[in-house]
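Here is a walk through one protein model. Keep the sequence and the structure side by side as you read.

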Amino acid sequence: MDLQKYEHDPVFIFHKSWWTDEGYVQRGLDRETNEKIERQVPFSDIKEVLIGPAWIRMHARSRDSSGKKKNLYRQGLRLVFRVESNGDITYLSFLSETKKDVDSWIQRIHTHAIPAYVTDLDLHDAKREDFYFHYETIIRQPLHEAGLDFPELIDLKNEEFAPPQWKPDSFFKRKEREEARSKSRMKKIRLVIIGTFLVALVWIPHWPLDDDMNVMFLMLGILALLFPTYLHNAWKPVQSLLDTVMVGAVLFAGLTTANLYTPITAAYYSTTWTTLLIFAVFHNGAFFLSRFRNKKDIRPTRKR
């Protein structure tokens, strides 16, 4: 698997890639000219390759003898090619998950006499920025000395067998940024829940049913809080749908509670339902537009 499609490139949008007898080829779109181009990396520019374990977390879990749940991992390999051209250094990353694919990679490396090294550190969650700044800190051995042992069949193992993860300084800084964005989103989510409930409790019961301005202000208010949380984050496709259901549940919970102090007619429930449907169209449309943009920059990975 070519991992370049998951890495942000400021001048290039990745479409597909392949290997030839001369080297590695990428096809994609130039961000400035919006033209389709091909970029080539000849084997002569590949100075070395680093091979390390890549433990991929599965959704399933196991239990140990004491009944405690354990995370399950599928074993893979991460191959990182160090490329030097005209004084510039970059890194190409690939993920291999089968013995046949691993053997194919080793054959290609030997055929073109690329110096190869192996590490015991798990490289699955490493990003390009980590290699740019901390590649030399990775403890490694020449492949011909350390050897490479990869299972013939796909094997699932408990987390207790997982190798230590490579965590340079850039890894921790990235995690701090992700946690900060997550906390900021949760604050806005709480504000949306509280604000929407109060609006449904206090304001909606007194709406003139023929006044569309109230509907517009409500939708814009919720969108103004939720939409910024989607920017620069590659959320799962269902995220906006879940948020829409959350807003709907809070709206009707507030309106139902309002019925305790003032009669709520069916017309208000109908108006609220219409408001929710209009909100869903704009909200989910905005989300998928932002996701289309974000997926060029950030791709979600399974966390350890």
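The protein has 7 helices and 9 strands. Both are DSSP runs, numbered from the N terminus: helices are H or I with at least four residues, strands are E with at least two. The model is predicted, so local features need pLDDT of at least 70, side-chain atom pairs count only at pLDDT 80 or more, and totals for chains, interfaces and linings use all residues. Residues are numbered from 1 along each chain as its sequence is written, and side-chain values use heavy atoms, with hydrogens and water left out.

Start with the whole chain. Of the 304 residues, 43% are buried. Buried means under 20% relative accessible area, exposed means over 50%, and partly exposed lies in between (1.4 Å probe, protein chains only). The accessible surface is about 17400 Å², and carbon and sulfur atoms hold 58% of that area. Areas come from the Shrake-Rupley method with a 1.4 Å probe; for residues, only the protein chains shown count as cover. Now take contacts with a separation of 6 or more: 69% of them join residues 24 or more positions apart. A contact means heavy atoms within 4.5 Å.

β1 (residues 12-19) pairs with β2 (residues 23-30) in the antiparallel sense, over 7 bridges. Strands pair if DSSP finds at least two bridges between them. W19 stands opposite Y24 in β2. The two strands, β1 and β2, form a hairpin with 3 residues between them.

β2 also runs antiparallel to β3 (residues 36-42), again through 7 bridges. Here G28 has I37 in β3 as its bridge partner. This second hairpin, β2 to β3, leaves 5 residues between its strands. In its turn, N34 has a positive phi of about 60°.

Move on to the loop between β9 (156-158) and α4 (169-203), where Q165 lies. Is Q165 buried or exposed? Q165 counts as buried because its relative accessibility is 17%. Its side chain makes a polar contact with the side chain of D125, at 2.7 Å. Such a contact is a pair of N or O atoms within 3.5 Å; within protein, one must be able to donate a hydrogen and the other to accept it, and residues adjacent in sequence count only if both atoms are side-chain atoms.

F217 counts as partly exposed because its relative accessibility is 49%.
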